[in-house]
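Keep the structure open while you read.

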Amino acid sequence: MSRVLLIDPILPPLIERLRPLFPTDAGFDVVPTYGEEDLARHAAEAEILLVLNRKVDARLLSFVPRVRFVQRVGVGYDNLDLGALQTAGVVAAYTPGANAVAVAEYTILLMLALLKRFVAAESAARQGGWPTMELFQAGLGDLANATVGLVGFGNIGRAVAQRLAPFGSRLLYIARHAVDVATEQQFGVHYASLDELLASSTIVSLHLPLNEATEGLIGEAELAKMPVGAFLVNTSRGELLDEAALRRALVSGKLGGGSTRRAAQRAPGRQSLHGLAPGDCHSAPGRWQSCWR
């Protein structure tokens, strides 16, 4: 029976939840840290790797000479060096669509939080206040009156569209290719160019994989095309978005708010959104951050 090794450290309760999923003689193990010393101690006999976020490249593969299969637990595979895997004769797989519902629900949660200025209201309520007039003056919105632009229309983009339908939002989308008319009618969406989508949307929501074509897709020029007071939601990789440009758009008042996953590697000197506006910014578990203006 092959030995299975999870190469990302996770909390002990999660390990115990995973262990019963494997045969008792599979030898399931977890590398406790991201250090190469721990990897070397646990990897010598591993034949199957499970990976969450750790980079699998030629360097890492040198520690696991017996590995023949790598399973990326997630919908993207930008952390897998496909060339190195091919050279080593290692087969790799990923799980597209596995988290589509979870991400779609979280996306709508962020949209509602932005439109309703939830963090500011919740913070005030905890301090014993309820700034109704201030919130109305800052601007409150409804999904029923919103035009939502979906940049990407794969599993997650479609799941978002499906869940927005009961709210009554107008839905635009852009993808590499327009889907057929029947699919557009099924999800209640209309195809638009990126420029048209940016200029027409109350909320722009990103649902794309990270690759050479999508890295830095939304920057200064794209944000400038959005309506004043519009919102940006990025539940894809942080690298799709120029975070510094988003920060400037928020500070200037061009955008009403934004929520994005932080880039895995932020450029030196670049500031995150967290702390931009006291009481209006929130960092969620992982690499998520949201700001309201």
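Let's start with a helix pair: α5 (residues 100-116) packs against α8 at an angle of about 55°, and their axes are 8 Å apart. The axes here are lines fitted to C-alpha atoms, for helices over the stretch in contact, and the angles run from 0 to 180 degrees between N-to-C directions. Helices and strands are DSSP runs numbered from the N terminus (helices are H or I with at least four residues, strands are E with at least two). That angle makes α5 and α8 oblique to each other; the label is what remains once angles under 35 degrees are called roughly parallel, over 145 roughly antiparallel and 65 to 115 roughly perpendicular. Their crossing is right-handed, a term for the near helix being turned clockwise from the far one by less than a right angle, with anticlockwise giving left-handed.

Which residues of α5 and α8 meet? From α5 come Ala 100, Val 101, Val 103, Ala 104, Glu 105, Thr 107, Ile 108 and Met 111, and from α8 come Asn 155, Ile 156, Ala 159, Val 160, Arg 163 and Leu 164. Contact means heavy atoms within 4.5 Å. Sorted by type, the residues of this contact come out as 10 nonpolar, 2 polar and 2 charged. For that sorting, Ala, Val, Leu, Ile, Met, Phe, Trp, Tyr, Cys and Pro are nonpolar, Asp, Glu, Lys and Arg are charged, and the others, Gly among them, are polar.

## Where this comes from

You are looking at a predicted model, in which local features need pLDDT of at least 70 and side-chain atom pairs count only at pLDDT 80 or more, while totals for chains, interfaces and linings use all residues. Residues are numbered from 1 along each chain as its sequence is written, and side-chain values use heavy atoms, leaving out hydrogens and water.

## The overall picture

The protein has 12 helices and 13 strands. Of its 293 residues, 45% count as buried, where buried means under 20% relative accessible area, exposed over 50% and partly exposed in between (1.4 Å probe, protein chains only). Among contacts with a separation of 6 or more, 59% are between residues 24 or more positions apart.

## Back to α8

Which residues of α8 are buried? They are Ile 156, Gly 157, Ala 159, Val 160, Ala 161 and Leu 164. Their cover includes α5, β6, β7 (170-174), α9 and β8 (189-191).

## Aromatic pairs

The structure holds 5 aromatic pairs. In Phe 22 and Phe 28 the ring centres are 4.7 Å apart and the planes sit at 15°, so this pair is stacked. To pair, rings of Phe, Tyr and Trp (its six-membered ring) need centres within 6.5 Å; planes under 30 degrees apart are stacked, over 60 edge-to-face and the rest tilted. Phe 22 is partly exposed at a relative accessible area of 22%, whereas Phe 28 is buried at 9%.

Phe 153 and Phe 187 have ring centres 5.6 Å apart and planes at 85°, so they are edge-to-face. This pair links distant parts of the chain, 34 residues apart: Phe 153 lies in the loop between β6 (147-151) and α8 (155-164), and Phe 187 in helix α9 (residues 181-187). Both Phe 153 and Phe 187 are buried. Together with Tyr 173 and Tyr 191, they form one aromatic cluster.

## A few single residues

Leu 60 belongs to helix α3 (residues 58-61) and is buried, at 4% relative accessibility. Leaving aside residues up to four places away in sequence, Leu 60 touches Ile 7, Leu 39, Leu 49, Arg 54 and Lys 55.

Is Ala 88 buried or exposed, or partly exposed? Ala 88, in helix α4 (residues 82-88), is partly exposed at 38% relative accessibility. The C-alpha atoms of Ala 88 and Arg 68 are separated by 8.5 Å, with the two residues 20 apart along the chain. Ala 146, in the loop between α7 (132-138) and β6, is buried at a relative accessible area of 3%. Not counting residues up to four places away in sequence, Ala 146 touches Ser 169, Arg 170 and Thr 202.
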